[in-house]
Amino acid sequence: MGLLGILLGLGLLIWLAFRGWSILLLAPIAALIAALFSGEPLLAHWTQTFMASAAQFLAQFFPIFLLGALFGKLMEDSGSVTAIANTMVERLGERRAILAVVLAGALVTYGGVSLFVAFFVLAPMAIALFRRAAIPRRLMPAAIALGTSTFTMSALPGTPAIQNAIPMPFFGTTPFAAPGLGIIASAIMLAFGLWWLSRAEARARRAGEGFGDMPEPVMDEALIRERATVAHEFDPAEIHHGVPSPSAPPIWIAALPLVVVIVVNLVMSFVVLPRLDTAYLAEPAWGSTSITAVGGVWSVIVALTAAILTLLAVSGRRLPTLRATIDAGANASVLPAFSVASLVGFGAVVAAVPAFELVRDWVLSIDGGPLVSLAIATNILSALTGSASGGLTIALDALGGTYMKLAAEQGIDPALLHRVAVIGAGTLDSLPHNGAVVTLLAVCGSTHGKSYFDIVMVGIVGALIALAAVILLGSAFGSF
C-alpha cells in the first residue's frame, strides 16, 4: 500500500501540475497521500518532515535564487543582454544565424542571467534574424534552448546556475567540480546540437521551406507562470515589470558583469575560501557545519553580489526606474524558490515512508555502479517533476549520503558524483510538461508539434550522449 501511495501522490502531482495547478498546494497534498497510504502520521509529516525539508532548502539556496533573479533583471533592464545578443548577431551575421543565437544565449546564461530573461530578450531578435536568413521559425526554440538550457546549466565548470549549486552541500564540492569532464561534456552538447540544427536547416533549404510566418503567439501567462516557476529561478510574471533602458550600453560595459561572475566565483572557490579560518562553523551556533558544505554556495553568492555591484556602478544611470527593476528582480525569485522547496518537501516525505526502501534498493541495484544509478535516479526524478533543480534535490536528499558512502568505499571523487548528478538532472527535465519548454515555445510563437522534436535532439539526446561520455571517462580515469 505504501508504494501505491507514492505512485498515486506522484501521479496526482504530475497531472495537476501539467494542467496549471499551483505546486505550492499540490506538493503537500501529494505528500500527505503518500503518508496516508503508509499509515504514517499526516500532520507530523506535514509540519516536521515536509516543512523542515522545504525550509532547509530555502535556507541553503534562497540567496542564490534572490541574487540570480535580481542580476538577471538588472542585466535585462540596463540593456546589457540586448547589447550582447546584438553584438553576436552583428559579428556572425545571417549566414551563421543559428550559431549567433546559440552563442548569445550561452554567454549570458553562463554569466549568471536567468534563462527566462534570455528567452524574452533573444526570441524577438531570433525572429528577425531567422526571417532575414530564411531559416524556419520552428528551429528557433531549439537554437535558444541549446544556448541557454544545456551545457551552460549543467556541464560548464563554474556556472552559477542553481542546478550546479545544489550538489555542493551534499558532496562538499565547488562550482568547478570535475572541470575537465565538464568541458568535454559541454563540447559534446554544443557540437551535437549545432550539427543537428545545421542538418535541419540544410534540409529545410532543400525543401524550400523558408521562415514560415505565423500569427503572433497568444500566451496563456497564468499557465506558463505555474509551469515555469518550478523549472528555473525566475518568475516570468516579473519580466514586464520595471522600465528597460532606451539604449543599450557598449559591449564591454554589458559584458563586464558576466566576466565578474566567472572570475570572482573562481577566486572565491580556489583562493579566498581555502585560506579563511572557518573552524567556527563547527559550533552549534552556526549549524555544526563545515566550509566544504557551504563554501560552494558562498562562492556563488559573492560572485553574483560582486556582479550586481559592478553592473550598478557601470550601468546604474541607464536604469530609468532602479527601484522598480530591483523590486521586480527580487519578487521574481520568491515563487520559483518556494515552488522548488515544495517539491523538495514532497520528496522528503516520500523518502521517509517505509515503502521508499523498495525504491532505494531498486535504484542502488542498477547495473553499472554508483555513477550509472545516480544518473538514472536524477534523470527519472527530474523527468517526473519537470524540474532539474527539484528532481536533483529530491534525489540527493534521499540518496546523497548513500552515494557519498559508496564513493568512499570505491574511491570515487565526489566531484565526479557532482558532475554526473547535475548533467543527469538536466536531460529528461526537458519533457513536454517542463515549464521552460512551455515558455520557450510560447515566446517563439511555435508549438510542441512543430518544434519539440528538435528540442529533444539538442536538449535531451545531446545531453544523454555527454552524460554517457562523462560516466565512461570518469569510470576509466576518475575525476579531472
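I started my notebook with burial: a residue is buried when its relative accessible area is under 20%, exposed when it is over 50%, and partly exposed in between, using a 1.4 Å probe and protein chains only. The model I am reading is predicted, so I kept its limits in view: local features need pLDDT of at least 70, side-chain atom pairs count only at pLDDT 80 or more, and totals for chains, interfaces and linings use all residues. Residues are numbered from 1 along each chain as its sequence is written, and side-chain values use heavy atoms, with hydrogens and water left out.

**Entry: Ser149**

I looked up Ser149 and found that its relative accessibility is 14%, so Ser149 counts as buried. Ser149 sits in the loop between α7 (140–148) and α8 (151–154). For the helix names, I noted that helices (H or I, at least four residues) and strands (E, at least two) are DSSP runs, numbered from the N terminus.

Which residues does Ser149 touch, not counting residues up to four places away in sequence? I found Leu115 and Phe119, where contact means heavy atoms within 4.5 Å. I also noted a polar contact of 3.1 Å between the side chains of Ser149 and Thr148. A polar contact is a pair of N or O atoms within 3.5 Å; within protein, one must be able to donate a hydrogen and the other to accept it, and residues adjacent in sequence count only if both atoms are side-chain atoms.

**Entry: Asn164**

Next I went to Asn164, which lies in helix α9 (residues 162–165). Is Asn164 buried or exposed? Its relative accessibility is 0%, so I wrote it down as buried. Leaving out residues up to four places away in sequence, I listed the residues that Asn164 touches: Met153, Gly158, Thr159, Pro175, His418, Arg419 and Val422. With His418, Asn164 makes a side-chain to side-chain polar contact of 2.9 Å. I also looked up Ala177, which is 13 residues from Asn164 in sequence and 9.1 Å from it in space, C-alpha to C-alpha.

Most residues other than glycine have a negative phi, and most peptide bonds are trans. I therefore stopped at residues that go the other way.

Ala134 has a positive phi of about 60° although it is not a glycine. I found Ala134 in the loop between α6 (115–133) and α7, and with a relative accessible area of 32% it is partly exposed.

Ala178 has a positive phi of about 45°, and it is not a glycine either. Ala178 is in the loop between α10 (167–171) and α11 (179–206). At 2% relative accessibility, I noted Ala178 as buried.

**Entry: the start of the chain**

I looked up Met1 in the segment before α1 (2–18). Its relative accessible area is 68%, so Met1 is exposed. Met1 and Ser38 are 37 residues apart along the chain, and their C-alpha atoms are separated by 6.4 Å.

**Entry: α1 with α2**

How do α1 and helix α2 (residues 23–37) cross? Their axes come within 7 Å and cross at roughly 165°. Axes are lines fitted to C-alpha atoms, for helices over the stretch in contact, and angles run from 0 to 180 degrees between N-to-C directions. That angle makes α1 roughly antiparallel to α2. Angles under 35 degrees count as roughly parallel, over 145 as roughly antiparallel, 65 to 115 as roughly perpendicular and the rest as oblique.

I noted the crossing of α1 and α2 as right-handed. A crossing is left-handed if the near helix is turned anticlockwise from the far one by less than a right angle, and right-handed if clockwise.

**Entry: α3 with α14**

I then turned to helix α3 (residues 42–77) and helix α14 (residues 291–315), which pack at an angle of about 25° with their axes 10 Å apart. The two helices are therefore roughly parallel to each other. α3 passes α14 in a left-handed crossing. Among the contact residues I picked out Phe61 and Phe71 of α3, and Val297 and Leu312 of α14.

**Entry: α17 with α19**

The contact residues include Leu371 and Ser382 of α17, and Leu416 and Ala425 of α19.
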